[in-house]
Amino acid sequence: MESQMNKDMSSMIQKLRSLRHDMNNHIGIMSGLLQTMQYDELKNYLNDMCEDINLTNDYIFLENTALTVLLNNKLNKAHTNHIDLQLLIQSETLPIADKDMCTLIGNVLDNAIEATTKVETPKEISFQLLKKGSKYLLSCENPFSEKPVRRDGKFLTSKANKTIHGIGIRNIQSIVDKYNGICDISYDNSFLITIMFDEVVINRLE
């Protein structure tokens, strides 16, 4: 994970260096486009520059290395699919093993990104990781194009390979059950999954 984070940071730094090195050229080109009133070309040029800058602005830095790598990986995946992934991180950990935390958050975000790629607009995901007292709260909200089908408490996949797909929700529920957590899912206008762990309850299990 540290190796992947170093690669991501190196890529980001290289983009910033390249942008700074070529800034005089960029300004000259934009000035020329403005003077010749080529506004569409100027707009496209600015959009390309802003895209490179936004990639570096989106990179997050946390003390928790595993969570840093995981969230930046999902941010990159969302960006590639033209999805606005909004993160609110007030707690950098959950009271569970790091391996389970990464599996849990990874599955939640993968499901959200996959569902959001199928909608036209707006392609927005809201993810939160909060702590209040002994309680840790994880929530993720995303749009969907087809309303999920739930039968006997289980979500049914519409994909052809039912053996592989649909595993994400089962993995999430398995980890929640392992630590006596609570998982609530609603899907009226958007798909919202809320997961709560209580540190006091988990300590009793140990």
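This is a predicted model: local features need pLDDT of at least 70, side-chain atom pairs count only at pLDDT 80 or more; totals for chains, interfaces and linings use all residues.
Which residues of α4 and α5 make the contact? On the α4 side they are Ala66, Leu67, Leu70, Leu71, Lys74, Lys77 and Ala78. Facing them from α5 are Met101, Cys102, Ile105, Gly106, Leu109, Asp110 and Ile113. Sorted by class, the contact has ten nonpolar, one polar and three charged residues.

## The protein as a whole

Let's step back to the overall layout. The protein has seven helices and seven strands. Starting at the N terminus, its elements run α-α-α-α-β-α-β-β-β-β-α-β-β-α.

The protein has 206 residues, and 34% of them count as buried. Take the contacts between residues at least 6 apart in sequence: 64% of these join residues at least 24 apart.

Cys102, which we met in the contact of α4 with α5, has a relative accessibility of 14% and so counts as buried. Cys183 has a value of 22%, so it counts as partly exposed. How many disulfides are there? The count comes to zero. For a reader new to the term, a disulfide is a covalent bond between the sulfur atoms of two cysteines.

## Backbone features to look for

Most residues other than glycine have a negative phi, and most peptide bonds are trans.

Thr121 and Pro122 are joined by a cis peptide bond, with omega at about -10°. Pro122 sits in the loop between α5 and β2 (124-132).

His82 has a positive phi, near 60°. This residue is in the loop between α4 and β1 (84-89). Is His82 buried or exposed? Its relative accessibility is 68%, so His82 counts as exposed. Asn180 also has a positive phi, near 55°, and is placed in the loop between α6 (167-178) and β6. Its relative accessible area is 46%, so Asn180 is partly exposed.

Follow the chain to the loop between β6 (182-187) and β7 (191-198), and you will find Ser190. With a relative accessible area of 16%, which is under the 20% limit, Ser190 is buried. The side chain of Ser190 makes a polar contact with that of Glu141, at 2.5 Å. Apart from neighbours within four places in sequence, Ser190 is in contact with Glu141, Asn142 and Phe144.

## Asp198 and its partners

Asp198 belongs to strand β7. Its relative accessible area is 14%, so Asp198 is buried. What does the side chain of Asp198 make a polar contact with? The partner is the side chain of Ser134, at 3.0 Å. A polar atom of the Asp198 side chain also lies 2.9 Å from the backbone nitrogen of Val200. Not counting residues up to four places away in sequence, Asp198 touches Ser134 and Lys135.

Methods
Residues are numbered from 1 along each chain as its sequence is written. Side-chain values use heavy atoms; hydrogens and water are left out. Helices (H or I, at least four residues) and strands (E, at least two) are DSSP runs, numbered from the N terminus. Buried means under 20% relative accessible area, exposed over 50%, partly exposed in between (1.4 Å probe, protein chains only). A polar contact is a pair of N or O atoms within 3.5 Å; within protein, one must be able to donate a hydrogen and the other to accept it, and residues adjacent in sequence count only if both atoms are side-chain atoms. Contact means heavy atoms within 4.5 Å. Ala, Val, Leu, Ile, Met, Phe, Trp, Tyr, Cys and Pro count as nonpolar, Asp, Glu, Lys and Arg as charged, and the others, Gly among them, as polar. A disulfide is a pair of cysteine sulfur atoms within 2.5 Å.
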